Each structure stands twice: as C-alpha cells, then as structure tokens.
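Thanks for coming. I will take a few minutes on one protein chain, so please look at the sequence and the model when they come up.

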Amino acid sequence: ESSSGAANAGADGRSSVNAEIAQEQAALRRRAEAAMKAAAADTVYNYDDGFEEFSTSEKAKKEAARKQQQGQPERKARYISTLLQTANKRKREQDIAHER
C-alpha cells in the first residue's frame, strides 16, 4: 500500500512539473510570436528611420572627435623625419657609388 501511495505522489509531482513546463513554453511562444510581429512591422519601410539614427550617431562621434582634437596640441610624427634623412643619405651614397 505504501509503495503505491509513493508511486501516486511521484506521478502527481511529474504531472504538476509537466504542467508548469507547458505553461512556461506557452508563455515563451507568445513572447516569441509578439517579437516576430514587432519585427515584421519593422520592415524595409522603416529603413529611413534607422539610417537617420545611424547617421546622427556617426555625426555625433565625428563631432566629439573633432572637439577632442581641438583641445590637444598637434601631433607630430616621431620617426618619419629620421627615416627621410636616412633615405636621403642612402640615396646620395648610391648616386656616388653609381657615378664611380
């Protein structure tokens, strides 16, 4: 008798868990369907809105970069002057060697 009572309790527990899972799945399905409907409403016709949002954010980034650069001194190349001097020196040496 006690073993059949435990079996019934296990079956009741499973059915309640299964019912909870079914409810969660149904709620998830409803949310997914609502998201799909919202995405379907956001079609090609709303492209202009998205583009305007993107372009204004790009303009804002460029403006912020420009303002940041205005506050800083002009940056100079560190190594290019020495590279150019070395290149000129080598060119003169090659010209001298070529003339011989």
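How many helices and how many strands does the protein chain have? There are 3 helices and 0 strands. Read from the N terminus, the order of elements is α-α-α.

Keep in mind that this is a predicted model. The mean pLDDT of the protein chain is 79, with 75% of its residues at 70 or more. Confidence is lowest in helix α2, residues 47-71, where the mean is 74. It is highest in α3, at 92.

Now the surface. Of the 100 residues in the protein chain, buried ones make up 1%. The chain exposes about 9900 Å², and 53% of that comes from carbon and sulfur atoms.

One place to look at is a nonpolar patch on the surface, formed by Y79, I80, L83 and L84. Together these residues have about 450 Å² of accessible area.

Take I80 from that patch. I80 belongs to helix α3, which covers residues 80-99. Is I80 buried, partly exposed or exposed? Its relative accessibility is 46%, so I80 counts as partly exposed; the exposed class starts over 50%.

That is the end of my part.

Definitions and conventions
Residues are numbered from 1 along each chain as its sequence is written. This is a predicted model: local features need pLDDT of at least 70, side-chain atom pairs count only at pLDDT 80 or more; totals for chains, interfaces and linings use all residues. Side-chain values use heavy atoms; hydrogens and water are left out. Patches are made of residues with over 30% relative accessible area and no salt bridge: like charges are joined within 9 Å, nonpolar side chains (Val, Leu, Ile, Met, Phe, Trp, Tyr) within 5 Å. Accessible areas come from the Shrake-Rupley method with a 1.4 Å probe; for residues, only the protein chains shown count as cover. A salt bridge is a side-chain nitrogen of Lys or Arg within 4 Å of a carboxyl oxygen of Asp or Glu. Helices (H or I, at least four residues) and strands (E, at least two) are DSSP runs, numbered from the N terminus. Buried means under 20% relative accessible area, exposed over 50%, partly exposed in between (1.4 Å probe, protein chains only). pLDDT is the predictor's confidence in each residue, from 0 to 100.
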